[in-house]
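Let's take a walk through a protein model together. Have a look at it first, and then we'll go through it piece by piece.

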Amino acid sequence: MAQSKQTRFYIRTAILAILVVAIIGTIYVNVTKEKNAVLAVGDQAPDFQLVDMDGNVQRLSDYKGQGVFLNFWGTWCKPCAKEMPYIDKQYQVFKDQGVQTIAVNIAESDFKVNSYTKQYGMTFPVVIDRQKNVMEKYNIGPLPTTFLVDPDGKIIRIIQGEMTEQDVANFMEEIKPL
């Protein structure tokens with residue numbers, strides 16, 4: 001009889017310990033979870049300040065009144081490599097029509113990014129988000145991810161994944177100031 005009471009005590013203690021760990025884990029996850037809200041179409045695009053590969057400071061707010069094609073990418077990303085020539089070609093078409101392109105690399109080295117920009121002949125501003133602060137503000141998941149920002153600074157479209165050249169042209173047309 002004493003043996004079975006002791007066994008029940010150990011089982012109940014183990015169950016209680018598991019519950020305590022589960023509750024503490026849930027509290028920890030909720031306290032430390034990401035504080036940034038997920039951005040959606042219609043939201044104001046968060047401002048940022050990063051230095052481009054030419055040493056110039058790029059702020060999203062500096063382009064108020066223009067459409068901004070904001071592309072997040074990585075040198076290792078195959079779809080990014082495929083769409084970069086399309087983005088650059090359309091940048092050449094739309095840059096004098098009030099559409100700016102900013103390519104935000106996610107925390108790679110200057111050497112890698114410089115080599116990549118030369119390889120793909122990228123002529124638009126390329127910045128490196130070294131601390132991943134902008135990536136976190138924009139809640140970037142898969143690469144490439146592109147935000148279309150209208151002249152008023154509002155997000156009008158979020159594109160995840162590879163784009164064709166026609167897609168890029170259509171999207172730049174969407175954010176062109178009237």
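Start with the pocket residues: Asp 52, Met 53, Asp 54, Tyr 91, Asn 114, Thr 117, Met 122, Thr 123, Phe 124, Pro 125 and Val 126 line the largest pocket. Keep in mind that you're looking at a predicted model. How much space lies in this largest pocket? It's about 170 Å³. Sort the lining by class and you get six nonpolar residues, three polar ones and two charged ones.

Now for the sheet. Five strands make up an open sheet with mixed pairing, and their order is β5-β4-β3-β6-β7. At the edges you'll find β5 (126-128) and β7 (155-160), each with a single partner strand, so one side of each has no neighbour in the sheet. Going from one strand to the next, the twist averages 20 degrees. Zoom in on β6 and β7: these two run antiparallel, and five bridges join them. Across from Gln 160 in β7 stands Thr 145.

Next, look for aromatic rings. Searching the whole structure turns up eight aromatic pairs. Take Phe 72 and Phe 147: their ring centres are 6.0 Å apart and their planes sit at 75 degrees, so this pair counts as edge-to-face. Phe 72 belongs to strand β3 (residues 67-73) and Phe 147 to strand β6 (residues 145-149), so the pair ties together parts that are 75 residues apart in sequence. Are these two buried or exposed? Both Phe 72 and Phe 147 are buried. They also belong to a cluster, in which ring pairs link Phe 48, Phe 72, Tyr 138 and Phe 147.

Methods: Residues are numbered from 1 along each chain as its sequence is written. This is a predicted model: local features need pLDDT of at least 70, side-chain atom pairs count only at pLDDT 80 or more; totals for chains, interfaces and linings use all residues. Side-chain values use heavy atoms; hydrogens and water are left out. Rings of Phe, Tyr and Trp (its six-membered ring) pair if their centres lie within 6.5 Å; planes under 30 degrees apart count as stacked, over 60 as edge-to-face and the rest as tilted. Helices (H or I, at least four residues) and strands (E, at least two) are DSSP runs, numbered from the N terminus. Buried means under 20% relative accessible area, exposed over 50%, partly exposed in between (1.4 Å probe, protein chains only). On a 1 Å grid over the protein atoms alone, a cavity is a set of points where a 1.4 Å probe fits but cannot get out, and a pocket is an open set with protein on both sides within 12 Å along at least five of seven lines; lining residues have an atom within 4 Å of a point. Grid points are joined across faces, edges and corners, and a volume is the space filled by probe spheres set on the points. Ala, Val, Leu, Ile, Met, Phe, Trp, Tyr, Cys and Pro count as nonpolar, Asp, Glu, Lys and Arg as charged, and the others, Gly among them, as polar. Two strands pair if DSSP finds at least two bridges between them. Axes are lines fitted to C-alpha atoms, for helices over the stretch in contact, and angles run from 0 to 180 degrees between N-to-C directions.
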